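Please look through the structure shown below before reading on. The paragraphs after it take its parts in turn.

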Amino acid sequence: EPKKVAQKITDRIEQLKQQGLDDEEFERARRKLYGDYVIEYNSVANIARMFLADKMKGINSFDYIEEFNTVTKEYTESILKEVFIEKNEILSIINPK
């Protein structure tokens, strides 16, 4: 039922665009992303992968924490509206032979 799943995702995105993000959900997601990032530093392999990937993208890995603190709910909502445009959606369904 890929089309039903895609429609539910589209409906939820449209709802968020119209009503905005819930303050509590936004802060919970923010803390989760921050925690996931910090956990990356618990493994030498993850640190190496992260630093290499960031170097290839021209990013300073240590700037993430400073930039992370500048992300606001309002900024996130503006990105949500800018990036998730229904007319630009594409659904690819791969069926077994």
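Which helices each supply at least two residues of the lining of the largest pocket? They are α2 and α5. Helices here are DSSP runs of H or I with at least four residues, numbered from the N terminus. The model is a predicted one, in which local features need pLDDT of at least 70 and side-chain atom pairs count only at pLDDT 80 or more, while totals for chains, interfaces and linings use all residues. Residues are numbered from 1 along each chain as its sequence is written, and side-chain values use heavy atoms, with hydrogens and water left out.

The largest pocket holds about 280 Å³ of space. Of its 13 lining residues, Leu21, Phe26, Ala29, Leu33 and Thr76 are the closest to its centre. Helix α2 gives the most to this lining, with 5 residues. A pocket is defined on a 1 Å grid over the protein atoms alone, as an open set of points where a 1.4 Å probe fits, with protein on both sides within 12 Å along at least five of seven lines; lining residues have an atom within 4 Å of a point. Grid points are joined across faces, edges and corners, and the volume is the space filled by probe spheres set on the points.

Helix α2 covers residues 23–39. Its 17 residues reach 24 Å from the first C-alpha to the last, close to the 24 Å expected at 1.5 Å a residue; the expected span is 1.5 Å times one less than the number of residues. Phe26, Arg30 and Tyr37 are buried in α2. Seen down the axis of α2, its buried residues fall within an arc of 35 degrees, so they line one face of the helix. The arc is that of the directions from the helix axis to the C-beta atoms. An α-helix has 3.6 residues a turn, so residues three or four places apart point the same way. On the face of α2 turned away from its buried side are the exposed residues Glu24, Arg31, Lys32 and Ile39. Buried means under 20% relative accessible area, exposed over 50%, and partly exposed in between, with a 1.4 Å probe and protein chains only.

The cover over the buried residues of α2 includes α3 (44–57), α4 (63–68) and α5 (73–83). At the start of α2, a side-chain oxygen of Asp22 comes to within 3.2 Å of the backbone nitrogen of Glu24. This is a polar contact, meaning a pair of N or O atoms within 3.5 Å; within protein, one must be able to donate a hydrogen and the other to accept it, and residues adjacent in sequence count only if both atoms are side-chain atoms.

Helix α5 has Lys73, Glu77 and Leu80 as its buried residues. They cover an arc of only 55 degrees around the axis, which puts them on the same side of α5. These buried residues pack against α1 and α2. The face of α5 turned away from its buried side carries the exposed residues Glu74 and Glu82. Lys73 touches Leu21, Asp23 and Phe26, leaving aside residues up to four places away in sequence; contact means heavy atoms within 4.5 Å. A polar atom of the Lys73 side chain lies 2.9 Å from the backbone oxygen of Leu21.

On α1 (residues 2–19) sits Ile13. Ile13 counts as buried because its relative accessibility is 15%. Leu80 and Phe84 are touched by Ile13, again not counting residues up to four places away in sequence.

That leaves α3. Its 14 residues should span 20 Å at 1.5 Å a residue, and its end C-alpha atoms are 20 Å apart, which agrees. Ser43 caps the N-terminal end of α3, with a side-chain oxygen 3.3 Å from the backbone nitrogen of Ala45. Ala53 lies in α3 and counts as partly exposed, at 29% relative accessibility. Lys57 is also in α3 and counts as exposed, at 54% relative accessibility. Just after α3, Gly58 takes a positive phi of about 75 degrees.
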